[in-house]
Amino acid sequence: MLENRKLAAILVTDIVGFSRLTGADEEGTLARLRTLRNDVVEPAIDVHKGRLVKRTGDGSLIEFRSVVEAVRCAVAIQRAMNERNAGLPQDSRVEFRMGIHLGDVVEEGDGDLMGDGVNIAARLESISDPGAICISEDAYRQVRARLDLSVTDLGTKSLKNISEPLKVYALEVGSPADPPTGEYADTVRNALDKPSIAVLPFTNMSGDADQEYFVDGMAEDILTALSRFEQLFVIARNSSFVYKGSAVDITQVGRDLGVRYVLEGSARRSGDRIRITGQLIDAKTGNHLWAEKFDGVFNDVFALQDKVTAKVVGALEPTIRKAEIERARRKPVEHMAAYDLYLQALPHVYASHSDANLKALELLTKATDIDPDFSPALAHIGWCLVQRATRLWVPFGDDDVGLAVSKARRVLTNESDDAHSIVLGGFVLAMTGTDYLSGLDAVKRAVDINPGSGFVNAMAGCALVFGDELSDGLDLLGRALDLCPKDPNYFGYLTVTAFGHLVAGAPERALELAQRALAMSSGWDSTYWVLITIYAKLERLDDAKNTAEELLRKHPDVTTTRYEQVLPIRSIEARRLVLDSLQSAGVPS
């Protein structure tokens, strides 16, 4: 027996609350576990030269030749799980806890491992927090000079059935380690390397509820200006705006959104007079880094926003030179009344349902009546028209597509450097199938102008996936998912990402994403047709039929003919796959 004794790095994992998850949905949980093993755990083990000794129900026992590789593998798995759990309710998340120890093991004849090395790793796993990694002092000594990790000293712990107390450390997975690899590597590196900030909705100090739209517009415009700077990692509007109307703990916001800094403030408008206040806060400590107020008149609103932006950028990243700040300035709006109407329309645009869509179009049309070349209003009119032309709403107009395309072309021929307008113009051309090449060129240009915008990345990613440029589209959607962790439309980004993986030949990965999207929102028809197609591709016809029945219960008038008219899919093969799948699942023609 002694000749089989050796020193090994052991990683033990299990899933937190696995019994609860299987009790709530046994079939779905087991399917997710199989997918995670195939797509996350086993590939990570292979990359880091580990040996899967055995599976322990919902967990694993893995042997490595070095602690460094064991830690790299554990970090890779936990980061992948953070991405997969983003946006899910807490009680629906699959979370691993892990323990790592370097110690003596004995290898049995069948390859199984026994001994203190295994026992201690298992006990460390049992005291780990969900999503965390506990590591013994013996193992930590091997990695502390090799990997750039943030570590918490948990002190000396008495572990069950282990004779001597052990010094234990917890590795903070969200902190820098080896450069990540895989689907979202660039996004993860950007998030780690750049100063990160969330802009909270500003407080309306006017005493007039009708001015709420204006105050929201102030915060959104400042956020947009900040996201133009490649040196900053800026959380998207729809994620930070979930805190609107709530008393918030800044440090908790920082943890929720994964940012170092939070900008909060207020705006007060009285007639043509405006006052904007802002304060920049270190989200880890709660300390105020900068605070100031700015007074002006409505016609100078952009100058005030530029001052706020410049102050924030200067406080965060001194290397950003004045020339770069100047480059980010927008052209002034000639007619402030048009801008005011545009701000009023935005909440209705983002609501994405039929009544709100009509209200948004009414306000945006008034804005373009005042200023026919106002690109943001033109672009959002196009987006609203595409929404109602491609959703299963009651048709509103005979030529929604034609009107949307005309607005998009006007935006793209204007001499505008507004990335939001450009990406929407390109999105309209791609989603209507009118001019894929021009549309995809436009969304790429928008990303070049404003690579830090979650909205720009999301719209561009959707256009590229449907425009059959899958690799680039999935990369942008991966970045958008990272920038928009609390976006109310997160489920939509997941759905398009799922479709992209399906067409790219990864139906199991697509299934997991689509199921997450459906769990977040059961009312969006696109998730159903994507799921039906995935099930058909996997030859799970009963599941495809059940999903089709649910779609028909929610949208009784849906037909394959209607989808044939509205699906924005450029690939003839992919389009045929969807329509054939819908028909075979029982959606009437």
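This is a predicted model: local features need pLDDT of at least 70, side-chain atom pairs count only at pLDDT 80 or more; totals for chains, interfaces and linings use all residues.
Local features are taken where pLDDT is at least 70 and side-chain atom pairs where pLDDT is 80 or more, while totals for chains, interfaces and linings use all residues. Residues are numbered from 1 along each chain as its sequence is written, and side-chain values use heavy atoms, with hydrogens and water left out.

Let's start with strand β12, residues 261–270. Helices (H or I, at least four residues) and strands (E, at least two) are DSSP runs, numbered from the N terminus. Buried here means under 20% relative accessible area, exposed means over 50%, and partly exposed is in between, with a 1.4 Å probe and protein chains only. Because 7 of its 10 residues are buried, β12 is largely enclosed by the rest of the structure.

Now look at what β12 pairs with, where pairing takes at least two DSSP bridges between two strands. Strand β9 (residues 196–199) runs parallel to β12 over 3 bridges, with Ala198 opposite Val262. Strand β10 (residues 203–204) is also a parallel partner of β12, over 2 bridges, and there Thr203 faces Ser266. The hairpin of β12 and β13 has 2 residues between the strands, and Gly271 takes a positive phi near 65 degrees in it.

Next, find Arg516 in helix α21, residues 507–520. What does a buried arginine do without a salt bridge? A salt bridge needs a side-chain nitrogen of Lys or Arg within 4 Å of a carboxyl oxygen of Asp or Glu, and for Arg516 the nearest side chain of opposite charge, Glu512, is 5.7 Å away. For charge, Lys and Arg count as positive and Asp and Glu as negative, with His and the chain ends not counted. Instead, the Arg516 side chain reaches the backbone oxygen of Arg84 at 2.4 Å. Leaving aside residues up to four places away in sequence, Arg516 also touches others, including Glu83, Asn85, Tyr490 and Leu494 (contact means heavy atoms within 4.5 Å).

On to the cysteines. A search of the whole structure finds 0 disulfides, a disulfide being a pair of cysteine sulfur atoms within 2.5 Å. Cys73 counts as buried because its relative accessibility is 0%, and Cys462 is buried too, at 7%.

What about salt bridges elsewhere? The count comes to 23. One of them joins Glu42 and Arg55, with the closest N and O atoms 2.0 Å apart. That pair links distant parts of the chain, from helix α2 (residues 26–47) to strand β2 (residues 51–56), 13 residues apart. Glu42 is partly exposed at 23%, as is Arg55 at 41%.

Others sit within a helix. Arg553 pairs with Glu550 at 2.4 Å between the closest N and O atoms; they are 3 residues apart in helix α23 (residues 541–554), so about one helical turn separates them. Arg553 is exposed at 55%, whereas Glu550 is partly exposed at 25%. In helix α25 (residues 572–584), Asp580 and Arg576 are 4 residues apart, again about one helical turn, and their side chains meet in a salt bridge of 3.1 Å, N to O.

Finally, Lys6, Arg51, Glu63 and Glu107 are linked in a network of salt bridges.

Terms used:
A polar contact is a pair of N or O atoms within 3.5 Å; within protein, one must be able to donate a hydrogen and the other to accept it, and residues adjacent in sequence count only if both atoms are side-chain atoms.
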